Amino acid sequence: MVKIKFCGLKRIQDLEKAISLKIDYVGFVLYPKSPRYVSSEELKALVSLSNSVKKVAVMVNPDYQDVKKVLDIGVDLIQLHGEESFDFAKKVGFERVIKAFRVKEKIYISQEWRQVHAVLLDTYSQYLYGGTGKTFNWSIAEELVKNGFRIILSGGLTPENVQMAVRKVNPYGVDVSSGIEVQPGTKDHQKMEAFVRAVRSSLS
Ligand SMILES: O=C(O)c1ccccc1NCC(=O)[C@H](O)[C@H](O)COP(=O)(O)O
């Protein structure tokens, strides 16, 4: 079954809805310039309510000390969403890292990155690190899956297009943020349900 990650959760009621849908990962954005930013205090409260789901902290070019503090709060995985090096991921611990790569027209990802928990492919923008709501050429993701990468497909997924994406790419997982939102940081519960339904019926 394709794994599902909802990202950019800020509100307790959205987290509770995500948990009730039995998805696999929830993501909290710790990048201060994001409209989906959560503070350490907010993170603590959200993490304490998320027992039955993997908790992912999304960070952009963090210091190792900041990563350690976040792991101490109880998150399971760190999504490195900037230009972090392979050595930095090694220091964090490969099993705890989702490495995001932002795709323009082409991308080369060296084989050593296959050691991390998963590689997340998102859409490149010169203005935003994430949450663009835009798709990229899924053939690039399809190729990396065929080359043995554990890919979480992201960027512009919605309840309407996710089934097509899963059928084309056959990813390990899918990630969505703005496609299930009313506005940045406020999730739409009907869209959350529709997204999960679409993913779970995509292979039948
Ligand atoms: O969502 C953000 O605001 C964000 C800011 C800085 C770094 C990463 C961010 N989001 C990371 C995610 O994993 C999003 O789910 C991903 O970019 C897809 O977003 P969307 O295209 O809106 O589904």
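Strands E2 and E3 (residues 54–59) run parallel and are joined by 5 bridges, where strands are DSSP runs of type E with at least two residues, helices are runs of H or I with at least four, and both are numbered from the N terminus. This is a predicted model, in which local features need pLDDT of at least 70, side-chain atom pairs count only at pLDDT 80 or more, and totals for chains, interfaces and linings use all residues. Residues are numbered from 1 along each chain as its sequence is written.

- Phe28 has Ala57 of E3 as its bridge partner.

**Ligand shell**
- The ligand is surrounded by 25 residues, the closest being Cys7, Gly130, Gly131, Ser177 and Ser178; a residue is near a molecule if its C-beta atom, placed from the backbone, lies within 6 Å of it.
- Strand E2 (25–29) and strand E8 (173–176) are the elements that give two or more residues to this shell.

**Helix contact**
- The axes of helix H6 (residues 162–169) and helix H7 (residues 189–200) come within 8 Å and cross at roughly 30 degrees, the axes being lines fitted to C-alpha atoms over the stretch in contact, with angles from 0 to 180 degrees between N-to-C directions.
- H6 and H7 are therefore roughly parallel to each other, a term for angles under 35 degrees.
- Val162, Gln163 and Val166 of H6 make the contact with Phe195, Ala198 and Val199 of H7, contact being C-beta atoms, placed from the backbone, within 7 Å.

How values were computed. Pairing = 2+ DSSP bridges. Parallel < 35°, antiparallel > 145°, perpendicular 65-115°, else oblique. Contact = placed C-beta atoms within 7 Å.
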